[in-house]
Amino acid sequence: MSEYHLRTESIKPAELLELSVINSNDKKIMSALKSLEPCIIEGSRGTGKSFLMRMAELELEQSETKLITVFVTFNISSLVDTNDPLQFYHWMLAKTLKLLLNKLRKKGLTVSDYAASLLSNDNTDSQETVEETLRQIVKKYEISYKEKAKIDISSLPDIEDVKDAIETLCEIHSLERVYFFFDEAAHVFRPEQQRQFFNFYKDLRSPYITCNAAIYPGVTYFGDSFEPTHDCTLMKLERNMKDSDYLSYFYEIVDKQADTKTKEAINGNIELFNTLALSCGGTPRMLLKTLQDIDKYNKSNIDKVLKTFYRAQVWAEHSELGDKFKGHKPLIDWGRDFLENNVIPAIESYNGHNQDDDKSKSTINFWIQKDAPEAVKESLRLLSYTGIIRKIDSTIRATRGKLGARYEVKYGCILSLDKHPASASKDFFNSLQMKNCPEFGNNHSSYDGIKDLQSVIQDDKQYQNSLKEILKKSIHVLPLLTDWQKSKLKEANILTIGQLLEAEEKYLIDNIYYIGPYKARYMKNAADAELLEYLSG
């Protein structure tokens, strides 16, 4: 079967437009990203947040308006570990300015001595000197995980000077605005990083600057000074299976990447494809991963991949978060147990009862009372992050008039429990309704033992210990590296995540047989992308 791009990072800029599929909600999000107001996209892993930001960046650059776009990825934030209490803020500032200067240089735009002096606190008046100073600061922060060191940040400018410098640059070069796109805004398991990010995001607000960012649902900490409803336009990246264009949207995504043989197989039995598309619950990456795992496109193989992926793999990936980030392990394990032992059996019972009564009503939803323990809500937020569930609404009255939140379990996780999911999907989907579903009140017996939130929340010290353990793990835990890539890395004696992190491109060329600069760079980029996603959670 075909191989697909599972991440935006693996797509060349020139190919983005060729592979893009944009529906009406995507258009609204992109319009917000290109507007003058700051925008934040919220969506689970694999829903396409980075892709839409890259698309918005490309369209802005191709417009007639004179502007500069700067794409900033903070996925290496996992490795920042110093004694500086504002380490993340300072690292973000240095990295953002470094990338801005790089972009200006690529565009052939010079930085005046005055603007350069504003971008440095050490009386530097040369763009090249400022760039080198920033590069050194960024590098020191990004290798600080090896051993804590004091980093000299005396040359970093004040944020107000940064805004003055950008205003000066815009005036000199007749630019209307600088757009920053912040991807992987902050590590989801380091709340202090997230709070510092949103302070930074808000501090950058200026008539000459627009900031956009991508975040995850439920697990984002905005801090005390940032209000999403007031300080930005908040857009949710969700795809409703009941939308009239849902199936055609996902068909087009696959059609643009699949080979001829795969397209012919899909068109020969479109209902099988519809089953896979519905099972992903609106997450393109999950659809592409399941398609990629099918040896031959037929009903028995699709049944097999649905059961393997949605009964086992998605749960294993969720549980692995607890193995990586020990402080959250009780919450992560409890959340999985709660869904598998309470929620999903209740949904199955509800659906089976309706079938026995000859009622064509089924559900994949459940309801949690708003006064449920905070630890329960935190566990559900982590399940939302990995995409196993989705929060639909927050203030729905249940049968006894109590208020609570309604959640949707991934369609594939329910469908895959059927003996023959591909055959059952069409009737099951047509019977879905949202109004009624299993309910869990604020004192449900399954909440016992997880009510003390403080005992399971991870602090930064626990995170640092977790990071050390992650770096010791085998590269075989990186699921999206191909077997060929893993074998070649092993050939170069790169066996652990830590060794992969420190490996240079030149080392790969020198130590892997029959691999030149192009293949080495491709392998290093693919490995780094997978590595950084693994580290980010």
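In this predicted model, the side chains of E57 and K103 meet in a salt bridge, with 3.9 Å from N to O. E57 belongs to helix 3 (residues 49–62) and K103 to helix 4, so the pair ties together parts that lie 46 residues apart in sequence. Both E57 and K103 are buried. The two residues also belong to a network of salt bridges that links R54, E57, E61 and K103.

The structure holds 22 salt bridges. Another of them joins the side chains of R105 and E131 at 2.9 Å, N to O. R105 is in helix 4 and E131 in helix 6 (residues 127–142), 26 residues apart. R105 counts as partly exposed, at 46% relative accessibility, whereas E131 is buried, with a relative accessible area of 11%.

A further salt bridge connects R390 with E408, whose closest N and O atoms are 3.3 Å apart. Here the partners sit in strands: R390 in strand 7 (residues 389–397) and E408 in strand 8 (residues 403–409). R390 has a relative accessible area of 18% and is buried; E408 is buried as well, at 11%.

Next comes helix packing. The axes of helix 12 (residues 270–279) and helix 14 (residues 299–324) come within 11 Å and cross at roughly 10°. Angles under 35 degrees count as roughly parallel, so this description applies to helix 12 and helix 14. Helix 12 contributes L272, T275, L276 and S279 to the contact, and helix 14 contributes K299, I302, V305, L306 and Y310. By class, six of these residues are nonpolar, two polar and one charged.

Methods:
Residues numbered from 1 in each chain as written. Predicted model: local features only at pLDDT ≥ 70, side-chain atom pairs only at ≥ 80, totals over all residues. Heavy atoms only, no water. Axes fitted to C-alpha atoms, helices over the stretch in contact; angles between N-to-C directions. Helix = DSSP H or I, 4+ residues; strand = E, 2+ residues; numbered from the N terminus. Parallel < 35°, antiparallel > 145°, perpendicular 65-115°, else oblique. Contact = heavy atoms within 4.5 Å. Nonpolar A, V, L, I, M, F, W, Y, C, P; charged D, E, K, R; others polar. Salt bridge = Lys/Arg side-chain N within 4 Å of Asp/Glu carboxyl O. Buried < 20%, exposed > 50% of the residue type's maximum accessible area, 1.4 Å probe, protein only.
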